[in-house]
Amino acid sequence: SCGPDQEAYNYHKVVEMCERLDLFGEAVKAAKRHGVKIMAWFNLFEWQCIRSGYIEIRDRLWHNNPRKYWCNRDQSRFYHGIPVLADPEVRERVVNIMEELCAYESDGIYISSRTHSWQPGLPVADGWKHPEEFGFDEFVVRDYLDKHGVNICYEDFDRDKWNRIKGDHLTEMLRSIQGVIRKHDQRFIFGTFPYRTQLVGSPQKNHPLGQAIQLYKDWEYWAEEALIDGLCRESECPHV
């Protein structure tokens with residue numbers, strides 16, 4: 001799905017190019033010929049982006065299995081785009097993508113925290129009419145109960161501890177990714193916004209997304225344990 005006719009034509013030309021040749025493979029070959037460093041770019045939090053007038057990005061597998069996305073407290077709404085980081089199937093799929101990217105033998109992989117998934121579910125009117133927090137998947141609920149003896153779906157809970165558990169899941173995802181990349185003797189750079197708990201955007205803009213998707217980013221630990229080879233500050237999207 002695209003916008004105006006000329007834009008749709010351009011997008012279809014890109015599809016035709018991808019059918020004729022492996023674009024990233026050719027880019028890696030050209031970079032090596034000219035002595036240029038090149039890395040693969042992968043967005044960890046962009047499994048779905050549906051916006052009127054733009055090309056549609058929808059991960060069919062997770063779209064049909066919404067519990068692979070973060071859910072709200074009563075588990076009635078899902079944040080399509082933000083994956084359940086501790087889910088073994090999600091982690092396995094990300095690891096397999098890393099293996100595929102490493103096979104290109106580029107200089108490494110850049111994992112971005114940016115996303116165009118700006119609201120839960122589909123982009124319907126009043127999607128943020130009732131802002132709420134997300135991150136109550138079964139793995140987060142289970143780990144909080146095991147560590148602190150509280151079921152966060154029904155009882156009052158400490159949000160700092162909640163963010164720490166979600167952050168631990170991100171840390172373990174980064175560990176899995178680094179395990180693949182190091183095996184291929186490539187570099188792993190992680191791009192993130194420079195705010196300790198806000199996953200996307202700037203807290204100064206007060207966008208509902210920033211309050212809805214929060215976790216603790218333990219970048220000191222990532223560096224100490226060499227879970228990443230570099231940390232990059234990402235630029236803020238003008239919308240969030």
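Start at L227, which counts as buried because its relative accessibility is 4%; buried means under 20% relative accessible area, exposed over 50%, and partly exposed in between, with a 1.4 Å probe and protein chains only. Before I go on, the conditions. This is a predicted model, so local features need pLDDT of at least 70 and side-chain atom pairs count only at pLDDT 80 or more, while totals for chains, interfaces and linings use all residues. Residues are numbered from 1 along each chain as its sequence is written, and side-chain values use heavy atoms, with hydrogens and water left out.

Back to L227. The residue sits in the loop between helix 8 (219-224) and strand 8 (230-233). Helices here are DSSP runs of H or I with at least four residues, strands are runs of E with at least two, and both are numbered from the N terminus. What does L227 touch, not counting residues up to four places away in sequence? The list is T171, L174, R175, Q178, F188, Y221 and W222, where contact means heavy atoms within 4.5 Å. R175 is 52 residues away along the chain, yet the C-alpha atoms of L227 and R175 are separated by 5.4 Å.

Next, helix 2. It has 12 residues, 23-34, which at 1.5 Å a residue should span 16 Å; the end C-alpha atoms are 17 Å apart, which agrees. The expected span is 1.5 Å times one less than the number of residues. G25, V28 and A31 of helix 2 are buried. They cover an arc of only 125° around the axis, which puts them on the same side of helix 2; the arc is that of the directions from the helix axis to the C-beta atoms. On the other side, R33 and H34 are exposed.

At the ends of helix 2, D22 caps the N-terminal one, with a side-chain oxygen 3.3 Å from the backbone nitrogen of F24. After the helix comes G35, with a positive phi near 70°.

Finally, the whole chain. The protein has 8 helices and 8 strands, and 47% of its 240 residues count as buried. A compact globule with 240 residues would have a radius of gyration near 18 Å, and the protein has 19 Å, which agrees. That radius is taken over C-alpha atoms, and the globule rule is 2.2 Å times the number of residues to the power 0.38. Among contacts between residues at least 6 apart in sequence, 69% join residues at least 24 apart.

Methods:
A polar contact is a pair of N or O atoms within 3.5 Å; within protein, one must be able to donate a hydrogen and the other to accept it, and residues adjacent in sequence count only if both atoms are side-chain atoms.
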